[in-house]
Structure formats: structure tokens, C-alpha cells
Amino acid sequence: MSMTRRQAASAALAAVPLAFAASGVAQASSGRRRTMHIAGDSTAAQKYADAAPETGWGMALPFFLRRDLPVANHAVNGRSSKSFVDEGRLDVLLGEIRPGDVLIVQFAHNDEKSADPARYTEPWTTYQDYLRLYLDGARARGARPVLATAVERRRFDAGGRALPSHGDYPAAMRALAREEGVALLDVQALSLALWQELGVEESKRYFNWTATEQDNTHFNPPGAIAVARLVVRELLRTRVLGPRDVRRLDEEIPESWISWPPAAA
């Protein structure tokens, strides 16, 4: 069932501290560092040693940001905009977010799974409704929400043309960004163009292709670094970040900079 805008806003505002709700505008604390938060799925998430060389683009994002602009990666494997909320993960994120922070929201890969009612959303109704929870929740806390269309899978037709795989979800997110007046990072369009530029064979070097796996959804270190670079360029283009906030955009990033911490026991 599609949520109404009022229901969505009420859910997002339920945990807002009283002082923020009363003032309507929350100002950034003096001297506090701004944090970049990520809400998303496995394509962005932190990976651990048992999953190497699989790499989420969120792991590479800090390489392109100034040292005093930390990243809090809340993305989790297998989550949709709906299941992330239903599992209470958005509540946890909103409990950590502070005035002046930025929240990047990227979902669609798992929202598309129509056979799974725990994750499925319909692009033009429930998908947009759930995304509004992230937007309203961040705004209520004085943070800036940013929508990012889902990074594309590696998929080509017989003629070598890179194919989109996310149906109406990118269009629905673009429309929502216009309606809500929030910045849009069009990672779907940019990544599709990148895979096309690289071609069928060269693009394999950016995905988690190993001796035992041919994964056309998740990245290895070069792929995660390439997508993180696209994300930061979009953050600059949309003026979410300024030139002083970024670094190394035109530099080669060594794969060895990627590390996978031990998996939790």
C-alpha cells in the first residue's frame, strides 16, 4: 500500500529531538565537522575480508574528499529503500545525523525485486514514498539530503551496447528530486556511459569477476574507485560540495588503498 505524504513525513519526524522540531531550523554546531552519510545497498556498502575483492563505492569515497570530511557508510547488502526503513536502519542513521551533514541516498537494485514483498517498491508510488522518509528525516535534523540514481549493472546486448537495467526507478527518482528541490546525482546515466566507453571486455576489469565468480553487479577496487569518482564529480556539479571539499579527482588512485577489515564475529 502506498503511504501518503503526510504519513511519510510523520514517520520521519517521529524521532526528531524536541528542540529541532520546535525551532523548525537546526543550525550546525560551531566547529563541528560535517559528515557525509550514505544510505544504500551492496553496491555502496562496506565490504569485509571474507568478501574481498568485492568493494562498495562508499569504501573509495574518502579518497576524493578532504581529510576533515568523514564518511559514515550505512549502506547494507541486499536492502531496498523499504527494507532499510522497515528494519529500523533509517532510524539509527537519523539518530546519528547532525545539522550540516549530507545524506546520499541510493536505492533501486533491490526495490526492483517484485517477488519479494519485504523489499519490493513500485517506482512511481511506494519507491517515492519511502525515499521521502529519507529526505524529510534529514531535513528535519538540519542535514542536506541528496538523491543518487542507482549505479548501473554491467549488461550489454549482442551488438556491444550497454543496456540500462533499472526500469523506471531512475526516472522516478529524477522526478522526485525535481518535485522536492533536492540535488540529484545521476550515477545511473554516468555509469552506463562509462561501461559503454569501456566496452564489453574492458568493463569486466571493474566488476567482481574472479576465478570462481562472474558478478556483473558488484565492483572490485577499480570499479568502486571509478564510481566514487563519478559520485564526487556529481557532488561538485550540483554544488553540494565545493572545490575545497574534494581532492585527487584527476589523479590515479592505487588499488592498494582499498582494504577490507576482518568480518565481525
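Me: Which residues are exposed on the other side of H5?
Reply: This is a predicted model. In helix H5, residues 89–96, Leu90, Leu93 and Leu94 are buried. They span an arc of only 95° around the axis, which means that they sit on the same side of H5. The exposed residues, on the other side of H5, are Asp91 and Val92.

Me: Why do residues three or four places apart in an α-helix point the same way?
Reply: The buried residues of H5 include Leu90 and Leu94.

Me: How many helices and strands does the protein chain have, and what share of its residues is buried?
Reply: The secondary structure of the protein chain consists of 9 helices and 7 strands. Among its 265 residues, the buried share is 53%.

Me: What share of the contacts with a separation of 6 or more joins residues 24 or more positions apart?
Reply: The count covers contacts in the protein chain with a separation of 6 or more. Of these, the share from residues 24 or more positions apart is 77%.

Me: How many residues apart in sequence are the parts tied together by aspartate 245 and arginine 34?
Reply: Aspartate 245 and arginine 34 form a salt bridge, with the closest N and O atoms 3.2 Å apart. Aspartate 245 lies in the segment after helix H9 (221–237), while arginine 34 is in the loop between helix H2 (18–23) and strand S1 (36–40), so the distance in sequence between the parts they tie together is 211 residues.

Me: Is aspartate 245 buried or exposed?
Reply: Buried means under 20% relative accessible area. Aspartate 245 has 9% relative accessibility, so this residue counts as buried.

Me: Which aspartate forms a salt bridge with arginine 66?
Reply: In this salt bridge the closest N and O atoms are 2.0 Å apart. Arginine 66 is in the loop between helix H3 (57–60) and strand S2 (71–73), and its partner is in the segment after H9, 179 residues apart. Arginine 66 is partly exposed at 26% relative accessible area. The partner is aspartate 245.

Me: How many salt bridges does a search of the whole structure find?
Reply: One of them joins glutamate 202 to arginine 205, with the closest N and O atoms 2.8 Å apart. Salt bridges that share partners also join Asp129, Arg132, Arg139, Glu179 and Glu180 into one network. The number found in the whole structure is 19.

Me: What kind of aromatic pair do phenylalanine 63 and tryptophan 257 form?
Reply: A search of the whole structure finds 9 aromatic pairs. In the pair of phenylalanine 63 and tryptophan 257, the centres are 5.5 Å apart and the angle between the planes is 70°. Planes over 60 degrees apart count as edge-to-face. The pair is therefore edge-to-face.

Me: Where does tryptophan 257 lie?
Reply: Its partner, phenylalanine 63, lies in the loop between H3 and S2, and the pair ties together parts 194 residues apart in sequence. Tryptophan 257 counts as partly exposed at 37% relative accessibility. Tryptophan 257 lies in the segment after H9.

Me: Which residues form one aromatic cluster?
Reply: The rings of tryptophan 195 and phenylalanine 219 have centres 6.2 Å apart and planes at 40°, so this pair is tilted. Tryptophan 195 lies in helix H8 and phenylalanine 219 in strand S7. Tryptophan 195 is buried at 1% relative accessible area, and phenylalanine 219 is buried at 0% relative accessibility. The cluster is Trp195, Tyr206, Phe207 and Phe219.

Terms used:
Residues numbered from 1 in each chain as written. Predicted model: local features only at pLDDT ≥ 70, side-chain atom pairs only at ≥ 80, totals over all residues. Heavy atoms only, no water. Helix = DSSP H or I, 4+ residues; strand = E, 2+ residues; numbered from the N terminus. Buried < 20%, exposed > 50% of the residue type's maximum accessible area, 1.4 Å probe, protein only. Contact = heavy atoms within 4.5 Å. Salt bridge = Lys/Arg side-chain N within 4 Å of Asp/Glu carboxyl O. Arc of directions from axis to C-beta. Phe/Tyr/Trp six-rings, centres within 6.5 Å; stacked < 30°, edge-to-face > 60°.
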